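Subject: Structure for you to look at

Hello,

Here is the structure I said I would pass on. Please open it and keep it in view while you read the notes below.

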Amino acid sequence: MAAASWELLAQSGTSAFIGSAEERAEMKRALIDDLGRIAQVEAVESPVAEPFFWVDCPDDCEAYQWQFDPVTQTCSAPIPPVPTPEEIQKAMTDAVQKHLDAAAQARGYDGILSAASYAGDTHPPFDVEGIAYKNWRSAVWLYCYQVLADVKAGTRAIPTPEALIAELPVLAL
């Protein structure tokens, strides 16, 4: 379907299409139920009784997922819910923990806990690595908790997991 080449207009409780016949043939139709919900999406509409009616919709429109605006007679993707503070914290801490474990696993450890447990080992090479992992883990969590505090305070946007990982202190071995 050609992007932004069609427009829906309210006409007697239904929609009218403005565009080429080819564009119209490519569009899907959404069945709007008596509660104003998108109840069905089809390539070809079938006869329905009032108060049900059909409107043009984008190809990726999904029944009971998308929303119908009765004023503009358009279908739109749902707005994702705003994550709760608990969901934000879990997503961020899960990403950080996964990053810490992956870094330790890349050097043959079971995870960050195993790598840090070597701090204080009687064998100097293990002790040095263990101390490095232990200090890095602490620096990473301090940074992560500051980011969480800033997000909760509204002084910064919620970072994506990838963006947060990119900001974290780097392991120095």
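Strands β3 and β5 pair in the antiparallel sense, over five bridges. This is a predicted model, so please read everything below as a description of a prediction.

The sheet

In that pairing, Ile32 stands opposite Phe53 of β5. Leu31 has Gln40 of β4 as its bridge partner. Together these strands make an open sheet of three, in the order β4-β3-β5. At the edges are β4 (38-42) and β5 (53-57), each of which pairs on one side only. From one strand to the next the twist averages 30°. As background, strands of a sheet pair through backbone hydrogen bonds, either parallel or antiparallel.

Helix α2

Helix α2 has 21 residues and reaches 30 Å from its first C-alpha to its last, close to the 30 Å expected at 1.5 Å a residue. Its buried residues include Ile88, Met92, Val96, Leu100 and Ala103. In general, an α-helix has 3.6 residues a turn, so residues three or four places apart point the same way. The face of α2 turned away from the buried side carries the exposed residues Glu86, Lys90 and Lys98. The buried residues of α2 are covered by elements that include α3, α4 and α5 (161-167).

The cores

The largest nonpolar core has 19 residues, and those with the most contacts inside it are Val96, Leu100, Tyr133, Trp136 and Leu164. At least two residues each come from α2 (85-105), α3 (112-116) and α4 (124-153). The most is given by α4, with eight residues. Leaving aside neighbours within four places in sequence, Trp136 is in contact with His99, Leu100, Ala103, Ile112, Pro169, Val170 and Leu171. Apart from this core lies another, of 11 residues, with Ile38, Val41, Cys61 and Trp66 among them. In soluble globular proteins, nonpolar side chains tend to be buried together.

Regards

Definitions and conventions
Residues are numbered from 1 along each chain as its sequence is written. This is a predicted model: local features need pLDDT of at least 70, side-chain atom pairs count only at pLDDT 80 or more; totals for chains, interfaces and linings use all residues. Side-chain values use heavy atoms; hydrogens and water are left out. A nonpolar core is a set of buried Ala, Val, Leu, Ile, Met, Phe, Trp, Tyr and Cys residues joined through side-chain atoms within 4.5 Å. Buried means under 20% relative accessible area, exposed over 50%, partly exposed in between (1.4 Å probe, protein chains only). Helices (H or I, at least four residues) and strands (E, at least two) are DSSP runs, numbered from the N terminus. Contact means heavy atoms within 4.5 Å. Two strands pair if DSSP finds at least two bridges between them. Axes are lines fitted to C-alpha atoms, for helices over the stretch in contact, and angles run from 0 to 180 degrees between N-to-C directions. The expected span of a helix is 1.5 Å times one less than its number of residues.
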